[in-house]
Amino acid sequence: MTATPAAVIVLSAGDGTRMKSRRNKALHAIGGRTLVGHSVSAAVGTGAQYVAVVVRAQKESVAAAAREVSEDIVVAEQDDVYGTGRAAECGLLALPEDLSGTVLVTTGDTPLLTAETLQQLTEEHERAACAVTVLTGVLPDAAGYGRIVRDEQGSVQAIVEHKQATPEQRKIGEFNSGIFAFDAAVLRDALAEVGVHAEAGEKYLTDVVEIAVRRGLRVSGHVLGDLWQTEGVNDKAQLARLGKELNRRTLDALMRESGAIVIDPDTTWVDVGVSVGQDTVIHPGCQLHGATSIGADCTIGPDTTLTDTEVRDGASVIRTVAQLALIGDEATVGPFSYLRPGTELGRGGKIGGFVETKNAQIGDGAKVPHLTYCGDATIGEGSNIGAGTIFANYDGVAKSRTTIGKHSFVGSNSVIVAPVHIADGAYVAAGSTVIKDVAPGELGISRAEQRNVAGWVGRKREGTASADAAHRAQQEGSSNQ
């Protein structure tokens with residue numbers, strides 16, 4: 001049975017000055033989720049009864065980002081006393097006073113840390129009846145990290161910061177990740193004893209380890225082989241590095257677990273909230289963002305960006321940008337199409353090349369094949385919209401809607417001036433400007449009668465190649481008569 005902590009405290013109160021950004025470090029995102037969002041997701045995934053997020057800098061924004069993952073989190077504000085020890089203390093004070101069991105303390109800048117790892121940490125901590133368990137990693141050169149000093153029995157005796165470490169201690173490869181499991185009572189009592197270091201003006205969470213060892217309590221270290229999970233983000237270069245690794249892991253899971261086919265993982269970027277069905281092929285140059293959901297046996301890309309878009313089974317979407325759109329089963333979209341929010345394409349429907357849609361419901365089997373703007377429209381099943389058609393939905397003050405019935409036909413280069421209704425089985429002649437309703441079975445036509453002005457080119461363009469060509473053609477025509 002998987003061990004479940006009583007609570008997880010996520011420390012996310014820092015300024016993140018090394019990010020060189022006006023935005024708090026916790027609010028930077030990879031994989032479609034903020035750094036603090038990743039940390040909260042891992043914490044919530046443990047099944048803990050309480051998840052507390054400690055905030056200070058840009059506290060309202062950080063709290064809001066955390067609540068995007070779970071509305072049930074407890075938000076604790078760190079006061080003017082700095083340091084990880086005080087942050088953990090503020091988080092603990094926001095939880096019930098009688099809380100017992102295991103309390104995990106994590107950080108808000110380790111986006112690859114998983115709930116499974118936290119559960120394993122909890123299980124080992126409780127199985128060994130430890131007061132404190134430190135999540136650690138091992139590097140050939142752990143310069144810059146706090147070193148884990150163990151005794152002959154393997155118990156953790158101290159965490160020594162790099163600056164204070166002796167030459168012998170600096171040879172130690174095992175380092176402190178900054179992620180801990182504590183017995184709640186031990187953490188509460190020890191934090192009350194931890195003092196503020198005069199030099200830095202901070203309370204350190206690692207002092208709890210020193211106190212526990214001094215009291216003769218058991219302190220252990222849980223070595224994690226996957227060092228990516230322990231790596232935090234301190235600057236934008238690390239943000240990009242971890243973002244690339246997260247994307248690699250996301251694509252790997254889609255291929256191994258969901259059965260998707262990713263042709264070129266190096267040019268494909270997929271957010272952690274995206275789902276892709278079996279045997280769907282994702283071609284190079286694609287970005288799938290937000291809550292995008294793609295069914296089975298689809299073709300996506302190349303060069304396609306989908307955001308919060310649903311693509312159903314068997315659909316094909318090529319060189320397209322879509323946001324908050326629905327693409328039905330076996331429908332086709334693209335190339336070079338732009339689907340704006342509210343677009344719904346029915347089963348077997350088509351949105352072709354150089355088409356822009358917005359708030360448009362296009363029925364089953366309906367087609368908008370070429371060079372069209374289709375905004376604020378309902379198009380019935382089986383209807384066809386000719387090339388170059390414009391749905392004129394805005395009069396400068398208000399937007400109005402056009403409805404086109406089932407199995408209707410709109411000829412090329414038409415302008416449909418909303419609001420207007422073109423009924424089932426109606427036709428619109430090519431080149432028309434439609435300003436009135438067209439009844440079932442009618443042909444709507446609105447264009448001036450053509451008039452040809454004889455001799456115009458010879459008079460108005462005398463001496464040009466056009467005039468010469470026309471003159472020769474006229475002479476040839478006369479000789480053939």
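Biologist: Is Phe336 buried, partly exposed or exposed?

Modeller: This is a predicted model, where local features need pLDDT of at least 70, side-chain atom pairs count only at pLDDT 80 or more, and totals for chains, interfaces and linings use all residues. Residues are numbered from 1 along each chain as its sequence is written, and side-chain values use heavy atoms, with hydrogens and water left out. Buried means under 20% relative accessible area, exposed over 50%, and partly exposed in between, with a 1.4 Å probe and protein chains only. Phe336 has a relative accessible area of 45%, so the residue is partly exposed.

Biologist: Which class does Phe354 fall in?

Modeller: The relative accessibility of Phe354 is 53%. The cut-off for that class is over 50%, so Phe354 counts as exposed.

Biologist: How many aromatic pairs does the structure hold, and how are the rings of Phe336 and Phe354 arranged?

Modeller: Rings of Phe, Tyr and Trp (its six-membered ring) pair if their centres lie within 6.5 Å; planes under 30 degrees apart count as stacked, over 60 as edge-to-face and the rest as tilted. The structure holds four such pairs. Phe336 and Phe354 have ring centres 5.1 Å apart and planes at 20°, so this pair is stacked.

Biologist: What is the angle between the planes of Phe409 and Tyr427?

Modeller: Phe409 is partly exposed at 32%, and Tyr427 is partly exposed at 44%. Their rings form a stacked pair, 5.1 Å centre to centre, and the angle between the planes is 25°.
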